[in-house]
Amino acid sequence: MTAISPHASVSAPASEARTSGRVFNFGAGPSTLPDDVLKQIQQDVWNYRGSGIGILELSHRGKEYDKLIAEIDDDLRAIGNIPRNYKILFMTGGATSQNYIVPANLLPPGGTADHIVTGYWAENTLADARQYASCSNTKATIHVAATSADKNHSYIPADADIKYSASQGRGGPTYVHITSNNTIYGTQWHRLPKIPEGAFLVSDACSDFFWKPIDVTKFGVIYGGAQKNMGTTGCSFIVIRDDILERANKDIPRMLQYGVFSREESRPNTPPTFAIYTVGLMAKWIKAQGGLAALEKLNREKAGLVYAALDANTGFYTPHVRKEDRSFMNITFACKGVGAKEGGGGMEMDARFLADAGKAGLAVLKGHRAMGHGGGMRASLYNAMPLAGAQALAEFIGDFAKKNG
Ligand SMILES: Cc1ncc(COP(=O)(O)O)c(C=O)c1O
């Protein structure tokens, strides 16, 4: 494979606007991929590493694929500082399928899982875990330890507001589930909750894994779909500590068992080879950028530019999230009620913002309907969004407010 070189445009200034006919894609996932990764894919679709066979056609039992998955495992460990006593697994069904795969594997009979519910995906996780508990014979309990629903998920609960099951007269939880970044509402955990002794932390890190270096040993399980910071759609990643993996339930169907995926190198059946290969390319690209520390610096700079533009125009825009809980990945905001009915949240102005941004090559900025008021705007600034994209958006935010304020 051609080495993935440092991506020229990832830190290039906005003045070097895109010339390739592509726009800046602020979509929340599937999301933008680095140019170098896309070019490598173009080559490999035709002929993967000189094998004469394209990546879409490559056997998951052949020696090229053996080499590929070993390389991906090594690269992810090196970049993410993932210790050897954790396994990295790939499954299908996205992060959403982990909503039942996690309790199916990890909840012992009669066990309890505590959930901290900080957004749309966390609510789905809770509902699916409860459904699992209710229809299985595990007699498991799913307990809500805290929720930010009272303020439309615009903040992350403080430790003092988290009431674990142990304090409610039940046994302590086996694990505590959090969603590290709330893609739709735009909050992010910038500290970890203090969890009860004996429990481990399970994190849905679908939209912020690999945005910066983290201490993996603080977690029992980290999972997500790869389609944001890590690659494209079709595979989910699971990073799981060995002792948790070893005691995972074995009386569930084979295709749900983490143990089976671990023993069979994430290929008990035909795996999503292309999606897994793309994770490998992203890993090489991250390495070429200087690793996660370099990406964190860049990600902070990108988000800083956009938040600064919003904060400089508070008469015109309303950011959704409390300042200290703002996400570096997904920035959510709306225009104030200009030209809209009282309480209308500036929906007409939002629509104009989105249309004008689209004309300026700033695409897929519409917020999620769960936000209410038509969704407002959401700018996703994952690893592959170049600095120029954030600069262009920040400039546009300022100019639009001047023109329409
Ligand atoms: C935090 C979070 N969890 C879960 C999901 C669902 O992921 P998937 O579509 O891979 O099931 C998403 C998707 O955006 C997400 O952002």
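**Figure 1. Pairing of strand β8 with strands β9 and β5 in the predicted model.** Strands β8 and β9 run parallel and are joined by three bridges. Within this pairing, D204 stands opposite Y223 of β9. Strand β8 also pairs with β5, again in the parallel sense, and here the bridges number five. The structure shown is a predicted model.

**Figure 2. Burial of strand β8.** Strand β8 comprises residues 200-204, and five of its five residues are buried. Both faces of the strand are covered. F200, V202 and D204 lie on one side, and L201 and S203 lie on the other.

**Figure 3. Helix α4 and its covered side.** Helix α4 spans residues 120-135. Its end C-alpha atoms are 23 Å apart, which agrees with the 22 Å that its 16 residues should span at 1.5 Å a residue. The buried residues of the helix are A122, T125, L126, A129, Y132 and A133. Because they cover an arc of only 130 degrees around the axis, they fall on the same side of α4. An α-helix has 3.6 residues a turn, so residues three or four places apart point the same way. S134 and C135, on the other side of α4, are exposed. The elements that cover the buried residues include helix α3 (94-106) and the strands β3 (112-117), β4 (141-147), β5 (175-179) and β9 (221-225).

**Figure 4. Surroundings of S148.** S148 is placed in the loop between β4 and β5. Its relative accessibility is 0%, and S148 therefore counts as buried. Beyond its neighbours within four places in sequence, S148 is in contact with V117, T118, H153, S154 and Y155. For Y155, the backbone oxygen lies 3.5 Å from a polar atom of the S148 side chain.

**Figure 5. Confidence along the chain.** The average pLDDT of the chain is 93, and 92% of the residues score at least 70. Over residues 1-9, pLDDT stays under 50, and the model has 28 contacts beyond four places in sequence for this segment. Over residues 338-344, pLDDT likewise stays under 50, with nine such contacts in the model. Where pLDDT is low, the predicted coordinates should not be read in detail.

Terms used
Residues are numbered from 1 along each chain as its sequence is written. This is a predicted model: local features need pLDDT of at least 70, side-chain atom pairs count only at pLDDT 80 or more; totals for chains, interfaces and linings use all residues. Side-chain values use heavy atoms; hydrogens and water are left out. pLDDT is the predictor's confidence in each residue, from 0 to 100. Contact means heavy atoms within 4.5 Å. Helices (H or I, at least four residues) and strands (E, at least two) are DSSP runs, numbered from the N terminus. The expected span of a helix is 1.5 Å times one less than its number of residues. Buried means under 20% relative accessible area, exposed over 50%, partly exposed in between (1.4 Å probe, protein chains only). The arc is that of the directions from the helix axis to the C-beta atoms. Two strands pair if DSSP finds at least two bridges between them. A polar contact is a pair of N or O atoms within 3.5 Å; within protein, one must be able to donate a hydrogen and the other to accept it, and residues adjacent in sequence count only if both atoms are side-chain atoms.
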